[in-house]
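I opened my notebook to look up a few things in this structure.

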Amino acid sequence: MAERKIYGDGVVTGHGTIDGRLVFIFSQDFTVFGGSLSGAFAEKVVKIMDLAMKAGAPVIGLNDSGGARIQEGVVSLAGYADIFLRNVLASGVIPQISVIMGPCAGGAVYSPAMTDFILMVKNTSYMFITGPDVIRTVTHEEVTQEELGGADTHNTRSGVAHFEGANEAETLAMVRELLSFIPSNNLDDPPFVATEDPAGRREPALASIVPENPNKPYDMHRVIAAVVDDGYFFEVQQAFARNILCGFARLGGRSVGIVANQPAFLAGVLDIDASVKAARFVRFLRLLQPPLVTFVDVPGFLPGTAQEFGASSSTGRSSSMPSARRPCRRSRSSRVRRTAAPTTSCPPSTSAAT
């Protein structure tokens with residue numbers, strides 16, 4: 001180790017623009033000590049995250065790491081602690097986006113899990129705390145990397161990831177598209193995109209999409225497409241908890257978040273996965289301020305022992321709490337230094353009954 005001097009220590013950091021908007025990026029290099037994190041590595045990531053918060057710009061992490069650099073011992077672990085602290089301080093202040101570009105194991109998966117959105121590449125991205133070899137030794141389970149922590153697993157079963165790209169180019173294009181729907185920080189508005197779709201248009205198809213028979217399913221995607229600009233819906237966690245839909249669209253050129261029940265899957269009932277999926281998405285909207293539009297057609301919560309044993313009453317409650325809390329815009333000073341009590345500009349509390 002002492003004889004191998006690597007300039008940059010396995011991570012490239014910097015800033016640039018996407019569609020004219022400032023972003024900060026760090027990219028881990030798996031060819032340098034397996035992308036393992038050292039003290040200097042962590043200092044570079046921490047500095048770029050601090051700069052992102054100070055400038056009020058999104059931070060994007062391109063992750064491809066084997067975890068802590070064991071040769072540095074506690075210094076490496078302390079570096080993870082510093083990064084985790086920045087993840088917490090930046091939460092709700094600036095968007096944090098993680099792109100899993102290769103195998104990530106151990107401590108390298110905790111920081112992405114704390115960010116707002118995770119994107120993975122099909123057949124090349126892996127996220128797991130311990131790999132198949134360790135699991136085979138400890139629990140005697142036989143599992144492949146793809147089954148344990150592949151892109152399909154985390155997009156369909158665990159719900160850890162939000163998007164899956166067929167290749168690296170497609171995945172990075174998704175990052176650019178995602179940024180077009182969200183603000184740079186909790187004080188700014190999302191980008192406005194001009195549209196030729198008239199805001200006052202009528203949509204006759206809405207009269208026939210929803211069937212008169214309440215027991216007959218229909219696809220909520222058709223309803224959303226008929227309402228939003230140009231019929232385009234950028235769905236988040238498309239393959240996970242398909243009985244509820246979350247994603248971004250535009251109305252009159254302005255970005256909105258959408259949460260909708262999906263009667264075409266499980267009759268649109270709420271279960272544990274759907275509640276967690278919706279709660280996390282609504283919390284992001286509450287903190288970063290894009291408006292929320294809901295399409296509601298739900299028969300209730302899914303019954304069964306699996307749901308009760310999984311604390312469905314608690315997770316179901318969590319899906320209503322994020323939207324019930326009133327958002328407050330933090331001042332610029334609180335965005336730079338979250339250790340002090342943030343100043344807010346909250347309007348008086350009001351309620352209305354219809």
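How much space lies in the largest cavity? I found about 90 Å³ there.

Ground rules first. I am working from a predicted model, where local features need pLDDT of at least 70, side-chain atom pairs count only at pLDDT 80 or more, and totals for chains, interfaces and linings use all residues. Residues are numbered from 1 along each chain as its sequence is written, and side-chain values use heavy atoms, with hydrogens and water left out.

**Entry 1: cavities.** By a cavity I mean a set of points, on a 1 Å grid over the protein atoms alone, where a 1.4 Å probe fits but cannot get out; lining residues have an atom within 4 Å of a point. Points are joined across faces, edges and corners, and the volume is the space filled by probe spheres set on them. I counted 2 cavities of 30 Å³ or more.

**Entry 2: the largest cavity.** I listed its lining, which includes Phe26, Gln28, Tyr80 and Ser111. Strand S2 (21–28), helix H2 (74–90) and helix H3 (110–113) are the elements giving two or more residues to this lining. Helices (H or I, at least four residues) and strands (E, at least two) are DSSP runs, numbered from the N terminus. I sorted the lining into 7 nonpolar, 4 polar and no charged residues. Here Ala, Val, Leu, Ile, Met, Phe, Trp, Tyr, Cys and Pro are nonpolar, Asp, Glu, Lys and Arg charged, and the others, Gly among them, polar.

**Entry 3: the second largest cavity.** I noted a volume of about 70 Å³. Of its 13 lining residues, Phe26, Asn87, Ile97, Ser98 and Thr115 lie nearest the centre. Strand S3 (59–63) supplies the largest share, 4 residues. The lining has 6 nonpolar, 7 polar and no charged residues.

**Entry 4: helix H7 (168–179).** I checked its 12 residues: they reach 17 Å from first C-alpha to last, close to the 16 Å expected at 1.5 Å a residue (1.5 Å times one less than the number of residues). Thr171, Met174, Val175, Leu178 and Leu179 are buried (under 20% relative accessible area, 1.4 Å probe, protein chains only). They cover an arc of only 135° around the axis, so they sit on the same side of H7; the arc is that of the directions from the helix axis to the C-beta atoms.

**Entry 5: Asn186.** I found Asn186 in the loop between H7 and helix H8 (206–209). Asn186 is buried, at 1% relative accessible area. Its side chain reaches the backbone oxygen of Gly92 at 3.4 Å.

Methods: On a 1 Å grid over the protein atoms alone, a cavity is a set of points where a 1.4 Å probe fits but cannot get out, and a pocket is an open set with protein on both sides within 12 Å along at least five of seven lines; lining residues have an atom within 4 Å of a point. Buried means under 20% relative accessible area, exposed over 50%, partly exposed in between (1.4 Å probe, protein chains only). A polar contact is a pair of N or O atoms within 3.5 Å; within protein, one must be able to donate a hydrogen and the other to accept it, and residues adjacent in sequence count only if both atoms are side-chain atoms.
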